[in-house]
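Please report on the structure shown here. Take it site by site, in short sentences.

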Amino acid sequence: MEVTNRLWARGFWRAGIRPGDTVMQAFGLSMFLAGVPIVRALESMGVRVIPCGAEAGSERLLKLIWWTRPRALLCTPSYAEYLIDVAPKILGKDVGDLGIEIICCAGEPGAGLPELRRKIEESYGARLYDMLGGAHGILNISCDAPEYQGMHVLGDDFSISYDLVDPETKAPIPLVDGAIGERVKTSLEWEAQPPVRYSVGDIYQIFTEPCMCGQPGPRIKVLGRIDDLLIVKGVKVYPAAVKNVIESFAPRTTGELRIVLNEPGPRVSPPLKLRVEYRSGLEKDAVEMLRQDLIEALHRRLRVRPKVDMVPEGTFERTRHKTKLIEYHPE
Ligand SMILES: [Zn+2]
């Protein structure tokens with residue numbers, strides 16, 4: 001409990017939460033890692049927590065926010081996005097009128113996705129932080145850099161949480177800047193169920209170069225799950241890493257894409273087939289230039305030369321939850 005309290009406090013401190021602040025806890029409270037343990041950690045750092053919980057429903061939550069005026073909101077990114085739509089109906093006010101300055105998200109990807117990130121920050125007029133961890137002496141939080149730089153690793157004194165192995169051979173992967181692999185974690189200060197080089201099947205990318213925000217230490221990005229792994233001519237390709245490259249071409253791309261498989265993975269007969277959305281308004285020549293730029297960038301950064309089909313903006317269904325990047329079309 002002591003380790004958890006100290007770790008969460010470090011994370012919340014980095015997000016700018018201070019003793020005396022009022023904070024709305026809108027993660028699920030019931031039997032959830034980010035529920036009561038967060039309430040306890042915030043109280044231990046002298047924060048006034050409103051332990052409303054996501055279970056209370058958005059009407060009760062929004063009214064409590066209006067009455068108590070918290071400085072920070074803690075919830076999943078999809079809940080933060082949902083409140084943007086329902087606040088005007090329930091309170092007759094936009095979320096931007098609620099006075100929230102800090103939003104800490106966890107529990108699912110989203111706070112690291114550029115479009116959702118921009119939407120939440122602009123709608124609330126708040127800074128958004130992406131958090132991950134909480135158990136086993138591990139916690140990671142994103143920083144104030146203008147573009148998402150992954151999450152800074154906190155708690156080197158409690159755990160080793162950025163150790164990587166090859167997902168197939170389990171051989172260690174050197175921790176150079178940009179290294180990608182299956183993450184294994186080891187707790188140094190966790191007495192209940194201590195993990196030692198334990199994997200839950202997550203694929204991480206590690207960054208060891210100094211972050212533009214000035215904070216020291218490694219950063220991690222979560223790229224997906226081992227089950228997502230594809231192998232093209234012996235080269236390991238993670239769908240989320242492909243998505244990162246496509247997103248880096250925004251606004252020319254919308255960031256949306258699908259990987260088309262004709263047979264079950266992980267082995268893919270080359271070329272890897274991609275369908276990528278281009279932003280509407282782009283001329284035919286510009287779309288072709290974008291297509292070639294994408295192939296070049298994917299070859300340079302991921303060592304695959306895919307076949308890319310460009311499709312217009314809006315082709316792919318948008319979901320609030322984790323999008324399936326892979327389309328399966330048996331031939
Ligand atoms: Zn940083």
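This is a predicted model. R183 is in contact with I138, S161, D163, L164, Y198, S199, D202 and Y204, leaving aside its neighbours within four places in sequence. R183 itself belongs to strand 9, which covers residues 180-187. With one of these partners, Y204, there is a polar contact between side chains, at 3.0 Å. R183 counts as buried because its relative accessibility is 6%, and buried means under 20%.

**Strand 8 and S159**

S159 lies in strand 8, residues 159-165. It has 2% relative accessibility and so counts as buried. Its side chain reaches the backbone oxygen of G137 at 2.6 Å. G137 is also among the residues that S159 touches, together with H136, I138, T186, S187 and L188; residues up to four places away in sequence are not counted.

C143 is buried, with a relative accessible area of 6%. C211 is buried too, at 7% relative accessibility.

**Accessibility of selected residues**

| Residue | Relative accessible area | Class |
|---|---|---|
| C143 | 6% | buried |
| S159 | 2% | buried |
| R183 | 6% | buried |
| C211 | 7% | buried |
| E115 | 46% | partly exposed |

E115 lies in helix 5, residues 114-124. Is E115 buried or partly exposed? It is partly exposed, with a relative accessible area of 46%. Not counting residues up to four places away in sequence, E115 touches T254 and R279. E115 and L98 are 17 residues apart in sequence, and their C-alpha atoms are 22 Å apart in space.

Helix 6 spans residues 239-247. Eight of its nine residues are buried, so helix 6 is largely enclosed by the rest of the structure. The buried residues of helix 6 are P239, A240, A241, V242, K243, V245, I246 and E247.

**Domains**

How is the protein chain divided? It has domain 1 (1-134), domain 2 (151-225) and domain 3 (229-328). The centres of domain 2 and domain 3, taken over C-alpha atoms, are separated by 26 Å. Their contact takes 10 residues from domain 2 and nine residues from domain 3. About 720 Å² of area is buried between domain 2 and domain 3. Carbon and sulfur atoms give 58% of that area.

Terms used
Residues are numbered from 1 along each chain as its sequence is written. This is a predicted model: local features need pLDDT of at least 70, side-chain atom pairs count only at pLDDT 80 or more; totals for chains, interfaces and linings use all residues. Side-chain values use heavy atoms; hydrogens and water are left out. Buried means under 20% relative accessible area, exposed over 50%, partly exposed in between (1.4 Å probe, protein chains only). Helices (H or I, at least four residues) and strands (E, at least two) are DSSP runs, numbered from the N terminus. A polar contact is a pair of N or O atoms within 3.5 Å; within protein, one must be able to donate a hydrogen and the other to accept it, and residues adjacent in sequence count only if both atoms are side-chain atoms. Contact means heavy atoms within 4.5 Å. Domain bounds come from an automatic or database domain assignment. Buried area is the accessible area (1.4 Å probe) that two parts lose on being put together, summed over both.
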